[in-house]
Amino acid sequence: MLGMTWGDISPWIFYDMGLPLLLVAAAAYLLGCSNGAVIVSKYILRDDVRTHGSGNAGLTNFYRTYGARYALMVIVCDMLKAVVAVGVAVWLGTHFDPRLMPDVPLSAAQQAMYVLHFKYWAGLFCLLGHMFPCMFHFKGGKGILSGGTIAIMIDWRIALVVWGGFLILAILTRYVSLGSVWAGASFPVATWFVYQDWIITLLGLLLGGLVVYMHRGNIHRLLTGTENKFSLHKKQ
């Protein structure tokens, strides 16, 4: 715990945070719109990954379509935008006192809680940008790589649960989607166990719920036994 409860911060969190919240949301969403799979396929390969395979602008479909040669560029792009989005939130949270009371500075615990809320807020809008990019007709990816990076930026303990389960399930079953559903479902649960704060958990639920929602088709195929297994060799 961070040495304080939500009640210590709630009287002013919604009233004086409007501008920084809007700034974080706008910056994170626009950064999220920089979808690596779409950018690389459209502007480097002169193609569109969304016209191939599953039609998804994610790393798995990109790899299956084009192979590993350009996949690293997609990984760097989707991870970097998440790092920058959360980094912007941390900077604003560190340099802005929402109470507008410079003569009564925030305690270290209050500042840490404030920054934490901004991390989750930025992560949420970064994922929304990745999944529904306004510059690419609102057709993006499913958010696993960016979402996993956001988890790392938020808390290593949450990232350990999310990434650990993802890797174990994906490796043992070769269903990347099964690991992805675990990642989305476990994120809010891990958030609650680490922070036990209902507002942060609600933001975590929205983040994880988006990931699970984007995999609804995969869940149906998993239940019907028609889901494709991942292979290190791309389809020809």
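1. Tyr114 and Phe118 are 4 residues apart in helix α6 (residues 108–131), so about one helical turn separates them. Helices here are DSSP runs of H or I with at least four residues, numbered from the N terminus, as strands (E, at least two) are.

2. The model is predicted: local features need pLDDT of at least 70, side-chain atom pairs count only at pLDDT 80 or more, and totals for chains, interfaces and linings use all residues. Residues are numbered from 1 along each chain as its sequence is written, and side-chain values use heavy atoms, leaving out hydrogens and water.

3. Rings of Phe, Tyr and Trp (its six-membered ring) pair if their centres lie within 6.5 Å; planes under 30 degrees apart are stacked, over 60 edge-to-face, and the rest tilted. The count by this rule is 5 aromatic pairs. The Tyr114 and Phe118 pair is tilted, because the planes are at 55°, with ring centres 4.9 Å apart.

4. Are Tyr114 and Phe118 buried or exposed? Tyr114 is buried at 0% relative accessibility, and Phe118 is buried with a relative accessible area of 0%. Buried means under 20% relative accessible area, exposed over 50%, and partly exposed in between (1.4 Å probe, protein chains only).

5. Trp163 and Phe166 form an edge-to-face pair, 5.8 Å centre to centre with 85° between the planes. These residues are 3 apart in helix α8 (residues 156–173), about one helical turn. Trp163 is partly exposed at 23% relative accessible area, whereas Phe166 is buried at 12%.

6. The charged end of Arg216 sits over the ring of Tyr213, 4.0 Å from its centre. The criterion is NZ of Lys or CZ of Arg within 6 Å of the ring centre and within 35 degrees of the ring normal.
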